[in-house]
Amino acid sequence: MPKSEALEILRRVFGYESFRGEQQDIVEHVIDGGDALVLMPTGGGKSMCYQIPSLVREGTGIVVSPLIALMQDQVDALTELGVSAAYLNSSQDWREARAVEQRFLAGELDLLYVAPERLLTERCLDLLSRGRLALFAIDEAHCVSQWGHDFRPEYLGLSMLQERWPQVPRIALTATATEETRREIAQRLALTDARHFVSSFDRPNIRYRIVEKDDVRRQLLAMIRAEHEGEAGIVYCLSRARVEETADFLCRQGVQALPYHAGLSQAVRAENQSRFLREDGLVMVATIAFGMGIDKPDVRFVAHIDLPKSIEGYYQETGRAGRDGMPASAWLAYGLQDVVQQRRMLEESPGDETFKRRQGANLDAMLSLCETVSCRRQQLLAYFGQRIGPCGNCDTCLEPPESWDGTVAAQKLLSTIYRLWRERGQRYGAGHIIDILRGKRSEKITQQQHDTLSVFGVGADLSDKAWRSIMRQLLAQGLVMTDADGYGTLALTEASRAVLKGERQLMLRRESEKAARSSRASAKARPALLDLPPEALKVFEALRAWRAEIARHHGVPAYVIFHDATLREIALQAPESLEELGQISGVGSRKLEAYGEEILQRVLQPVL
Ligand code: ADP
Ligand code: ZN
């Protein structure tokens, strides 16, 4: 049985010592001809699960992948490893496509990447039936789910692969999936007999942090400067305008940032994406249109400056940080305005009741993650049905927030809304209500004679910031709602009554003083990647400069040549022979042969 061949290929071709997690079981299962549904977090090593069986089994592995840019990078990376791979997509002219088809028919390809709409054409199906197929791999399989956030109608057609080629094993892979999505994938792709491989979704190297928003662009800038100066990152925003304005702001502050959203021309998007992949240390400011299939391993941070709409989306987006296993951050800033805005958008959305209910549940889960006083990771993983203990690598573990009895404060706030409505027939937004509570004689308050309300000034003991936090949590818990008038004015809910009447105690979250300080603090430690002894640091920098040159020369992203983690390991180990160099994780035989001598030279004499 050619199973030991799998390990041999992992070592020789990819330069990795051993399989990770469930890779080995999956690889063996597919080599044996079994179907598989693979759930693995981003960075878990999904590609290996179909690349190695494609190399071991007779024939070509057909990989269905939704993104052209991704295919290109994967094929480049495989070619660098000495694997025979190609793709068929709309970026090619017919001559190039013909050449690929010939190679496939001649049995010269180990892997062939195809876009789903292309695959389903008669021409392509006919082509495939004339060659030998090792397997079908369906990447980003959650695209088949209509309820998910990346639905692609072309994916629905893929169930026919089973009818047409029942004997060819199929492996579907995704990084997002709740129970529900998983069932949907299996059903829609006709993977009814497939074995399910569900890995732990934990990404221990990512540090999760959720901060209270005040001046979000400044906070973002401070975070980048303090922790990720000169490193690659992604900043997610909800709207195009916010993307533009945030990218501009960062550039003016000396952070190299690029915008990405659906309103930019195809050409500009492609250019920015390619720069982000190829150049070191760029920040991409984007809507969620950006990122699926972005394989860049050295994204050091993912920041959200607007509240994501669901935990599934949030987890998928943050998962793009730290695929190389080195420390990375997921940073989210969220505030009262986010809650008001998203609740309002939900109420105004034209969708049917089921849709709204679903979106509402998604938002509630997201808000509860933001307001939790326990471990963020625990709560995230629980959402995907997985249990762990407190992680020690999220903000609530590192700087535990306090919880306090906010019942009386909540009553004051709720009665203000109640009195305004009962006594004056008026509704107001959060800012004005807080002014009344704090007894502020603003122009609007004197004009409206709100200083004569019995609740005027009853909350003077708490700061503006504290009240905003309380308001946010009441909104998050559905104890206050935004009115359907479209102005963000606030009203009570059914659930408010129990709190007002004192029948329900309300525990609220208060950020620890230390956390508040450290989110403002600036100077901090060097990025983990550069945390090396001076000698090794010099070698590392020299290797990076060398790599940049090779990458430019080959027209591929730097990480296709070597990952940072591999260069870092070389710098630390300082190998003196090809044999020693070959032992380092990420150095396969082809790269050893191609680059070994040059690397040893730079280890010996690190010139920049
Ligand atoms: P995914 O597609 O699941 O997000 P990838 O297949 O891109 O993940 O793998 C993530 C990174 O981990 C890649 O850089 C890959 O080379 C590396 N990797 C995968 N399997 C192993 C392994 N067994 N040992 C070491 N590194 C691995
Ligand atoms: Zn934790």
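Helix 10 (residues 216–227) and helix 11 (residues 240–252) have axes that come within 11 Å and cross at roughly 50°. Keep in mind that this is a predicted model.

**Helix 10 and helix 11**

- Angles under 35 degrees count as roughly parallel and 65 to 115 as roughly perpendicular, so helix 10 and helix 11 end up oblique to each other.
- The crossing of helix 10 past helix 11 is right-handed.
- On the helix 10 side, the touching residues are Val216, Arg217, Arg218, Leu220, Leu221 and Ile224, and they meet Arg242, Glu245, Thr246, Phe249 and Leu250 of helix 11.
- Sort the residues of this contact by class and you get 6 nonpolar, 1 polar and 4 charged.

**Helix 14 and helix 21**

- Here the axes of helix 14 (residues 336–348) and helix 21 (residues 464–476) come within 9 Å, crossing at roughly 30°.
- Helix 14 and helix 21 are therefore roughly parallel to each other.
- Helix 14 goes past helix 21 in a left-handed crossing.
- Helix 14 brings Leu336, Val339, Val340 and Arg343 to the contact, while helix 21 brings Arg468, Met471, Arg472, Leu475 and Ala476.
- That contact has 6 nonpolar and 3 charged residues, with no polar ones.

How values were computed
Residues are numbered from 1 along each chain as its sequence is written. Chains are lettered from A and ligands numbered from 1 in the order in which they are written. This is a predicted model: local features need pLDDT of at least 70, side-chain atom pairs count only at pLDDT 80 or more; totals for chains, interfaces and linings use all residues. Side-chain values use heavy atoms; hydrogens and water are left out. Axes are lines fitted to C-alpha atoms, for helices over the stretch in contact, and angles run from 0 to 180 degrees between N-to-C directions. Helices (H or I, at least four residues) and strands (E, at least two) are DSSP runs, numbered from the N terminus. Angles under 35 degrees count as roughly parallel, over 145 as roughly antiparallel, 65 to 115 as roughly perpendicular and the rest as oblique. A crossing is left-handed if the near helix is turned anticlockwise from the far one by less than a right angle, and right-handed if clockwise. Contact means heavy atoms within 4.5 Å. Ala, Val, Leu, Ile, Met, Phe, Trp, Tyr, Cys and Pro count as nonpolar, Asp, Glu, Lys and Arg as charged, and the others, Gly among them, as polar.
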